[in-house]
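This report describes a single protein chain for a reader who is new to structural work. Please consult the sequence and the three-dimensional view while reading.

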Amino acid sequence: MRILIVEDDELVADALKRGLGEAGFVVDRVGSAEQAEPALGTGEFDLAVVDIGLPQVDGLTLVRRLRRAGNTTPILILTARDGLADRVDALDLGADDYLVKPFELPEVAARCRALIRRTRSATSAELHVGPLSLDLASRTAVLSGSPLEVTPREWALLECLALDAGRVVRKERLLRAIGGWDDELTPNAIEVYVSRLRGKLGDAVAIRTVRGLGYRLDEPGV
Ligand code: CA
């Protein structure tokens, strides 16, 4: 799952990027609303963490602009302790949640997971596809009762497919789910990871190739 951090404060941004990265998210960062708007317009990100205090165009204006443009990316706002009016405004303008600075990284990660889940209409941290269970909070997978060992990238791919199980997930989206701006990945990388995952999943759950489009995770017998 991919997150864009919109924060001009280097220290806060670095801490967020590190913390969310350790929690398993693919994280990119911009320092201004002007940079955030086109990045979020591509639909590559599953969530944006937006600080209200940004140079020039502030976070509230960014939220308003995004929502007016029809952008539905979930937004978690960061506000100062005394920013009650800002928090109310942010939610009214279309932000989905907020956190007050200083925040604890595990809470930021949990809120991010909850918001992304909500938009994918998954109600709990556990996903089931046939005999495969994914725990999105602990990032562990169980297949037919046994732990499934996967690498971080294989996990990211499996999670992206499972969140949209039964539907085609485009190759470009999978590519963005496993690597951020700093990672150099070719479309062939997806084929490599899919093939490894297929080997691990065996016949229990199928990752089907939908020619020219992408991949679909199916339960057996579907
Ligand atoms: Ca700031």
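**The chain as a whole**

The structure is a predicted model. The secondary structure of the protein chain comprises eight helices and 12 strands. The radius of gyration of the chain is 18 Å, close to the 17 Å given by the globule rule for 222 residues, so the chain is as compact as a globular protein of that length. Along the principal axes, the C-alpha atoms fill a box of roughly 55 × 35 × 30 Å.

Of the 222 residues, 46% count as buried. The protein chain exposes about 10700 Å², and carbon and sulfur atoms supply 49% of this area. Among contacts between residues at least 6 apart in sequence, 58% join residues at least 24 apart. As for charge, there are 29 positive and 35 negative side chains in the chain. The centres of these two sets lie 5 Å apart.

**Two domains**

How is the protein chain divided? Domain 1 covers residues 2–119, and domain 2 covers residues 126–218. Taken over C-alpha atoms, the centres of domain 1 and domain 2 are separated by 26 Å. The two domains also touch: 14 residues of domain 1 are in contact with 10 residues of domain 2.

**Two residues of strand β4**

Strand β4 spans residues 75–79, and T79 is found in it. L76 is found in strand β4 as well. Are these residues buried or exposed? Buried means under 20% relative accessible area. L76 has a relative accessible area of 0% and is therefore buried. T79 has a relative accessibility of 1%, so T79 also counts as buried.

Which residues surround them? Neighbours within four places in sequence are left aside here. L76 is in contact with A48, V49, V50, D97, Y98, L99, V108, R111, C112 and L115. T79 is in contact with I52, R87, L99, V100 and K101.

**Backbone features in loops**

Most residues other than glycine have a negative phi, and most peptide bonds are trans. P102 is found in the loop between β5 (97–100) and α5 (105–119).

The other two places are Q56 and R139, each of which has a positive phi although Q56 is not a glycine and R139 is not a glycine. The table sets out their values.

| Residue | Phi | Loop | Relative accessibility |
|---|---|---|---|
| Q56 | about 55° | between β3 (47–51) and α3 (59–68) | 74% |
| R139 | about 55° | between β7 (132–135) and β8 (140–143) | 24% |

Definitions and conventions: Residues are numbered from 1 along each chain as its sequence is written. This is a predicted model: local features need pLDDT of at least 70, side-chain atom pairs count only at pLDDT 80 or more; totals for chains, interfaces and linings use all residues. Side-chain values use heavy atoms; hydrogens and water are left out. Helices (H or I, at least four residues) and strands (E, at least two) are DSSP runs, numbered from the N terminus. The radius of gyration is taken over C-alpha atoms; the globule rule is 2.2 Å times the number of residues to the power 0.38. Buried means under 20% relative accessible area, exposed over 50%, partly exposed in between (1.4 Å probe, protein chains only). Contact means heavy atoms within 4.5 Å. Accessible areas come from the Shrake-Rupley method with a 1.4 Å probe; for residues, only the protein chains shown count as cover. Lys and Arg count as positive and Asp and Glu as negative; His and the chain ends are not counted. The place of a charge is taken as NZ of Lys, CZ of Arg, CG of Asp or CD of Glu. Domain bounds come from an automatic or database domain assignment.
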